[in-house]
Amino acid sequence: MKKKIYQYSAIALLAVTIAACSEEQINIGGEGKLVLKTSLSTDMTVVSRTVEQDLIDNCMVWISNEKGLIRRYDKYNDVPTEPISLLSGHYVAEAWTGDSVPASFEKRWFKGREEFDIESSDTKTVNLECKIANVAATVSYADGMENVLHDFSMTIGHKGGSLIYSGREERRGYFMMPSFDKNLAYELRGTQLDGKEFVYNGVIEDAQPGTEYALKVTFTPVSNEVGGAIFSITIDNTTIEKGVDLQVIAAPKISGYGFSIDTPLMTEKGTVGKRTIYVSSATKVNSVILRSDIFNSMTILGGNEFDLLKMNEAGLKVINEAGINHQNNYNEENDETLIKINFEEPFTNTLDNGNYSIEIVATDQYGKTSTCDWRLLISDALVMTSPMPEDGAVSHFSATLYGTVTKDGVENIGFKYRRVGTEEWSTVEGVAMSRSYAVGTEYTATVTGLEDGAEYEYVATSDDYESTITQRFTTLRCIQLPNSSFEDWCTEGKALVPGTSYATTFWDSGNHGSTTLSINVTENSTDYAHDGQYSARLKSQYVGVGGSLGKFAAGNIFAGNYLRTVGTTGGELGWGRPFAAKPKSVQLWVKYIPKTVQSGSKSGDGNYMPAGSLDQGIIYAALVDDTKQKYTQSGNNFNGTEWPCIVRTASAELFDKDGANVIAYGEQIFMEATEGEGLILIEIPFKYKSAKTPSNIIFVASASRYGDYFQGGEGSTMYIDDIKMIYE
């Protein structure tokens, strides 16, 4: 009987048809509108809103025509809630979400594609369904399996990656089939009661995406004395079907008409004028709360807040007379809402000089809430000192100061700044971020020659006028990596580890796995050293007994900890250490001696490094944000610890240099031996893709570039010493 799969799908309404937030509609000839609805067909037996919402939030949507990409939305929230205007023609809508990895028990990949046509003055609704693109597999065993086979496991995978189902592992595995391998291989392995090893191999040919293959292992006993049995494996394939729909709707959207509600509104007293704010939603809105100290004077309200949609007539009369009114337009047929909130001149133009905040909280019928803080600055001041943005404004020796023009007629703008605790101020001229000096114009100045890790303060100026607001910032500290010269070493069990103690070490290696057979693939060495006595020697070698039992192991070192060994198939590693700095590059001294890949398992002969090729070494570093993965493994000393990246070599769950958490990345690949007799100095520049300040660093060096896949040249050796971060 085929296995029935129960699941849920999450529908993300990426756009809804609602009245535009404008006073009039303008139709342009030759254009039509697109209402895009994207659904996600998952395969979860028990729906997890956290997992589903994460998939939806990170859904990427592209719209293309014959000329190429014309609309790109990298995240769900980037898709406009209003219909999308498109010229008449033929289009393709595509969507992707999830993680496309070779093999994983958790990560899945979804894809959707729909072609459609847009006609002039027409509104087209397109339902774009993201279906699972993985091949799935489960394993089950007949009762009494333990009576004939001990320590059994099933390995399932392809040439790009595999998963190990240990014992009665009930999890579903997900596989992305590579172009060079369309078959899903499986291997049952265990120990018979007589102590002999049992291995059985098979192949699922032409494994299809969106299909689950259920492997059922049965047996027929043939000997009670030694526990012998005849094993058989049956495979049942079932399409991963769509189940119950779980509707996920975007929270209400709050926006200003003709102005950005996210930017403080700066003006002089009596000139604010009428201001309108819209609340739009793809469903019914049950509550719109306005909260501000301004409302304390309206005694009938009994506080500083009120709910526009739940007020009685007396309360509505009070706020209407004060100059606040609203219109609630709910379309019951389409289940859509547009609420217009007007702040009339009798309210806005009577506000005195000051800094005001009006918080707006909108909640829909499903409990989804959006909050915005509308700020008004009414002042006769010429300029105001503004806080720095969270990312990109401060470096190690420089910073960008921010100010805002708050009154018309300003001509000269700038700043005063100094290190906190000193008396003398320095001055710098400001540069407007637009050509005019109109009210609300933001201006900046970049100051250099600062000290790293020091606190500074600054104020905005205009001629002789100084803002009464002072802002502070602290420059980034120039951080170096601990034990970067590899002079300190200790032991943890049989494993040699860089550092004075394993509890405090910054570095670790694969020695914890290789020393199960008394081999340290990474050691301190006096063969070569730039400064001091030691360097780190990373030597790739076969770790095993004889020619058939063992694995090729790359000499390696990384920032983090070795978490555990998984049989003879690989290890689990926690990568990354705290690091809040922005170096331009990393320098280090290196010597690399590659060896030729030999045929057979000892040298890791494979599709990445075939026999006869020269091994390659690699050193790479990534600066990443504060995103962490939790490691869960009961009985393990690292259970519950969190890491920027958890690597599982057995299932090819590796570091992704293009991941969303990566702020900067740099690498050096060694295609041949380094020149000369000793160490040489190399510099690896960081390529930044974000202005954010990193929270952690990932640093890895390996004598065999494809050591994660157990491939390389036996005897390839890399020496590294004196790692130094370079700052500017």
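Two strands are treated as paired if DSSP finds at least two bridges between them, and the elements themselves are DSSP runs numbered from the N terminus, with helices (H or I) of at least four residues and strands (E) of at least two. The structure described here is a predicted model, in which local features need pLDDT of at least 70 and side-chain atom pairs count only at pLDDT 80 or more, whereas totals for chains, interfaces and linings use all residues. Residues are numbered from 1 along each chain as its sequence is written, and side-chain values use heavy atoms, with hydrogens and water left out.

Strand S48 is mostly covered, as eight of its eight residues are buried, where buried denotes under 20% relative accessible area, exposed over 50% and partly exposed the range in between (1.4 Å probe, protein chains only). On one side of S48 the buried residues are Gly 617, Ile 619, Ala 621 and Leu 623, and on the other they are Ile 618, Tyr 620, Ala 622 and Val 624, with both faces covered. S48 runs antiparallel to S52, to which it is joined by eight bridges, and antiparallel to S55, to which it is joined by seven.

The nonpolar cores were defined as sets of buried Ala, Val, Leu, Ile, Met, Phe, Trp, Tyr and Cys residues joined through side-chain atoms within 4.5 Å. The largest of them has 34 residues, and those with the most contacts inside it are Leu 481, Trp 507, Phe 579, Ile 619, Phe 699, Met 718 and Ile 720. Strands S48 (617–624), S52 (662–670) and S55 (696–702) are among the elements that give two or more residues to this core, as are S41 (535–539), S44 (556–566), S47 (585–593), S53 (680–685) and S56 (717–726). A second, separate core of 31 residues includes Ile 261, Ile 277, Val 279 and Ile 294.

Strand S21 (residues 275–281) has six of its seven residues buried and is therefore largely enclosed by the rest of the structure. Four bridges join S21 to strand S19 (residues 253–256) in the antiparallel sense, and seven bridges join S21 to strand S25 (residues 336–343), again with antiparallel pairing. Ile 277 is the bridge partner of Gly 256, and in S25 the bridge partner of Ile 277 is Ile 341.

Two open sheets were also examined. In one, four strands with antiparallel pairing follow the order S12-S11-S14-S15; strand S12 (161–166) and strand S15 (197–204) stand at its edges with a single partner strand each, so one side of each is left without a neighbour in the sheet. The twist in this sheet averages 15° from one strand to the next, the angles being taken from 0 to 180 degrees between N-to-C directions of axes fitted as lines to C-alpha atoms. Within it, strand S11 (residues 149–158) and strand S14 (residues 184–192) pair over seven antiparallel bridges, with Met 154 opposite Leu 188 in S14. The other open sheet has four strands in the order S28-S29-S33-S32, and its pairing is antiparallel. S28 and strand S29 (residues 399–405) are joined by four bridges, and Thr 404 in S29 is the bridge partner of Met 384.

Asn 353 lies in the loop between helix H3 (345–348) and strand S26 (354–364) and is partly exposed, with a relative accessible area of 40%. Leaving aside neighbours within four places in sequence, Asn 353 is in contact (heavy atoms within 4.5 Å) with Lys 269, Ile 378, Ser 379 and Asp 380. Asn 353 and Glu 268, 85 residues apart in sequence, are 7.6 Å apart in space from C-alpha to C-alpha.

With a disulfide defined as a pair of cysteine sulfur atoms within 2.5 Å, the count comes to zero. Cys 130 is in no disulfide, the nearest cysteine sulfur being that of Cys 59 at 4.5 Å, and Cys 130 counts as buried at 1% relative accessibility.
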